[in-house]
Amino acid sequence: MSNIASEPEFEQAYNELASTLESSKLFQVSPELKACLPVVSIPERVIQFRVVWETDKGEMRVNRGFRVQFNSALGPYKGGLRFHPTVNLSILKFLGFEQIFKNALTGLNMGGGKGGSDFDPKGKSDNEIRRFCYAFMRELSKHIGQFTDVPAGDIGVGGREVGYMFGAYKAYRNQFEGVITGKGGSWGGSLIRPEATGFGLVYYVAHMISYASGGKESFAGKLVAISGSGNVAQYAALKVIELGGKVISLSDSKGALIATGEDGFTEADVELIAKVKLERGYLTGLYEAEDSNLKSRFRYIPGARPWTNVEKVDVVLPCATQNEVNEEEAKAVIAAGARFIAEGSNMGSTQGAIDVYEADRKERKTEGLWYGPAKAANCGGVAVSGLEMAQNSQRVSWTSEHVDKELAGIMERCFWNCLNTAKEYYDIAEGELPSLVAGANIAGYIKVARAMHDHGDWWN
């Protein structure tokens with residue numbers, strides 16, 4: 001990759017995968033699979049385009065639009081669209097690269113991709129967002145379709161934006177098809193889709209807790225630190241509360257709320273935060289409001305993340321953005337008693353933090369911190385997107401119970417796939433928990449590499 005400009009986020013994702021594969025027995029057992037690595041690391045196609053739109057004042061604005069169609073070995077490209085000022089090609093390549101293997105771990109027929117724009121929806125009117133979405137889709141609609149590439153939402157792209165883009169696609173292509181997931185329930189969306197990433201994360205961690213304790217423990221009574229306060233964090237918090245855990249932190253880009261007592265957040269608290277976030281507000285405004293009862297139960301720490309501010313914690317769930325746990329913060333949560341950490345955000349931990357997790361797992365065995373990587377732990381969102389595609393193909397809508405059961409089954413199979421693959425390709429010391437990050441990387445890579453070989457995309 002020396003002949004291209006530095007892409008730090010993508011290089012981090014690539015190096016994490018490559019180092020895992022090379023330190024395992026995989027290339028000893030199946031040396032032919034090594035030839036796929038330089039091929040799978042280059043996108044099949046990168047689309048970059050300008051998006052020109054008009055403000056409410058009639059002023060012209062221009063943004064950059066992207067779609068990285070990374071790999072279609074297992075199915076149509078699948079991955080979200082992110083609208084955020086930080087969006088660039090490196091971030092989208094990292095997200096698309098991770099998406100390849102995440103989608104493989106769901107067991108569904110989906111390839112990997114990612115896209116978006118450096119457009120910032122915050123502070124924009126509904127009409128401005130609609131005009132931007134139609135301008136964005138004017139070009140993107142030429143490159144996607146239900147059998148080619150099926151985007152979804154991501155940061156800055158919720159139900160409103162998905163609706164506008166679906167309407168734009170329908171107008172430009174004169175086709176009503178399942179071209180995007182996260183749709184409204186009355187026009188092709190799936191029940192449980194908003195909840196899926198957060199719920200799936202908690203289902204995955206529940207299996208981690210059960211396995212590590214020999215079936216003796218669950219979320220009941222566990223202290224759970226969560227970062228973020230968006231969609232993933234909200235539904236992870238609600239599922240933890242439902243299972244008897246205590247959520248002791250939530251955060252946003254301006255600061256963190258940390259519980260001062262033993263009760264933590266209630267369902268009503270989470271619902272209130274969800275309302276504030278829907279209005280694109282911040283936790284600080286909610287905390288400082290005159291009628292707020294949060295001050296008696298929480299402390300607000302401006303500009304902070306939760307990890308160095310929780311005194312005692314059992315489970316850590318980063319659900320905000322990439323690289324939100326660094327090496328020092330990893331050591332802090334271990335010192336606070338954390339036994340389990342799993343990422344609701346994509347690449348939520350720096351490589352330094354992952355090294356700390358893995359060293360602690362090896363050193364302290366079942367008492368150490370066990371790490372569930374994003375590509376496995378948060379695959380529930382894209383899994384239910386895949387189930388939405390299946391429902392669209394059949395022209396049916398499943399009940400929430402049916403979708404939730406399918407989601408729980410996918411997360412259970414994903415956990416055991418990661419666990420058993422790690423056991424197969426690494427020597428596990430007595431009393432040591434298998435590396436789930438190694439298992440996830442290897443299991444996803446093998447599935448994709450073999451499909452690519454069958455298609456003639458690489459050869460020895």
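**Ground rules.** I'm working with a predicted model, where local features need pLDDT of at least 70, side-chain atom pairs count only at pLDDT 80 or more, and totals for chains, interfaces and linings use all residues. Residues are numbered from 1 along each chain as its sequence is written, and side-chain values use heavy atoms, with hydrogens and water left out.

**Helix pair.** I looked up α11 (residues 327-335) and α12 (residues 351-364), whose axes come within 7 Å and cross at roughly 35°. Helices here are DSSP runs of H or I, at least four residues, and strands are E runs of at least two, numbered from the N terminus. Axes are lines fitted to C-alpha atoms over the stretch in contact, with angles from 0 to 180 degrees between N-to-C directions. Which residues of α11 meet α12? I found E327, A330, K331 and I334, facing a list in α12 that includes A353 and Y357; contact means heavy atoms within 4.5 Å.

**Cavity.** I found E16, E98 and Y371 among the residues that line the largest cavity. A cavity is a set of points on a 1 Å grid over the protein atoms alone where a 1.4 Å probe fits but cannot get out, and lining residues have an atom within 4 Å of a point.

**Salt bridge.** I counted 26 salt bridges, each a side-chain nitrogen of Lys or Arg within 4 Å of a carboxyl oxygen of Asp or Glu. One joins D154 and R82 at 2.6 Å, N to O. D154 sits in the loop between β5 (149-152) and α6 (159-173) and R82 in strand β3 (residues 77-83), so this pair ties together parts 72 residues apart in sequence.

Technical notes:
1 Å grid on protein atoms, 1.4 Å probe; cavity = no way out; pocket = protein on both sides within 12 Å on 5 of 7 lines; lining within 4 Å.
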